[in-house]
Amino acid sequence: MEGDEEEDYMSDLFLKQDVRPGLPMVRRVKEAIQKEEKQKEANEKNRQKSIKEEEKERRDLVLKSALGNENKGFALLQKMGYKSGQALGKSGEGIVEPIPLNIKTGRSGLGHEELKKRKAEEKLENYRQKLHMKKQANEQAADQFRIRFKTKQEERKMEGDLRKSQRACQQLDMQKDIDVPKETWFWIEPEEEDKKDEEDECTSSDLSVSEKLHILTAYLREKHFYCIWCGTTYEDSEDLSSNCPGDSAADHD
């Protein structure tokens with residue numbers, strides 16, 4: 001009957017089937033991976049070992065096994081009173097195990113490994129020296145930058161103190177009816193003033209800002225008893241020397 005041949009969709013066998021989407025694909029991938037791993041294992045077992053591999057296995061096996069009576073050297077030692085596990089030497093202070101073999105499998109000559117190691121150490125040492133030199137150069141550059149920056153700051157401060165001294169000098173000179181400054185640069189020159197004589201230009205340009213400041217502040221102290229850093233005009237030289245800390249900006253810090 002047709003009804004008997006059709007699958008019963010209400011049976012437990014049908015209802016217990018996992019019908020999540022993509023599950024058959026995941027199963028096929030897992031099966032393929034397992035099959036590939038089994039094939040690799042089989043290939044590894046069936047693979048014929050090379051001559052070098054066989055020699056290494058035999059050598060390792062022999063080196064791991066202790067010497068027996070069949071070894072002529074060991075037999076001679078036993079005849080002379082040596083016992084297995086006993087240290088060599090009259091007082092038993094020698095070695096217990098034989099000197100291990102250092103098998104050389106490469107084609108490089110004797111001492112090549114030491115040379116290779118020495119070159120690697122030299123390369124590392126050169127690299128460390130370069131890093132140290134680079135660090136020192138960076139530190140020196142940073143120090144030079146700080147020095148230049150500090151010097152520029154000090155120069156700008158001195159230029160400001162010089163302008164302040166020039167204004168004070170011009171004002172105090174005019175109060176004493178002095179119409180012409182002792183030096184042309186003692187006063188601040190107006191922008192529209194005529195050009196200086198070549199001789200005055202040379203004299204003024206020969207002096208640095210610090211030298212001008214020193215000369216002008218000394219003139220203010222001697223002529224007007226005035227200190228630009230105190231901002232005070234004293235009564236006389238005695239009052240100036242007793243109450244003013246000094247004749248430089250550093251003395252007033």
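Tutor: A nonpolar core is a set of buried Ala, Val, Leu, Ile, Met, Phe, Trp, Tyr and Cys residues joined through side-chain atoms within 4.5 Å. Keep that in mind as we look at this predicted model.

Student: Which residues of the largest nonpolar core touch the most other members?

Tutor: That core has 13 residues, and C169, F186, L216, Y219, L220, Y226 and I228 touch the most other members. Two or more residues each come from α6 and from α8 (209-223).

Student: What makes L220 a contact of Y226?

Tutor: Contact means heavy atoms within 4.5 Å, so the pair must meet that cut-off. Leaving aside neighbours within four places in sequence, Y226 is in contact with L220, and also with A168, L172, R221, G231, T232 and T233.

Student: Why is I95 called partly exposed?

Tutor: Its relative accessibility is 44%. Buried means under 20% and exposed means over 50%, so a value in between is partly exposed. Therefore I95 counts as partly exposed. I95 lies in the loop between α5 (72-79) and α6 (112-175).

Student: How much of the whole protein counts as buried?

Tutor: Of its 253 residues, 13% do. The accessible surface comes to about 22400 Å², with 52% belonging to carbon and sulfur atoms.

Student: How many helices and strands are there?

Tutor: There are 9 helices and 2 strands, running α-α-α-α-α-α-α-α-β-β-α from the N terminus.

Key
Residues are numbered from 1 along each chain as its sequence is written. This is a predicted model: local features need pLDDT of at least 70, side-chain atom pairs count only at pLDDT 80 or more; totals for chains, interfaces and linings use all residues. Side-chain values use heavy atoms; hydrogens and water are left out. Helices (H or I, at least four residues) and strands (E, at least two) are DSSP runs, numbered from the N terminus. Buried means under 20% relative accessible area, exposed over 50%, partly exposed in between (1.4 Å probe, protein chains only). Accessible areas come from the Shrake-Rupley method with a 1.4 Å probe; for residues, only the protein chains shown count as cover.
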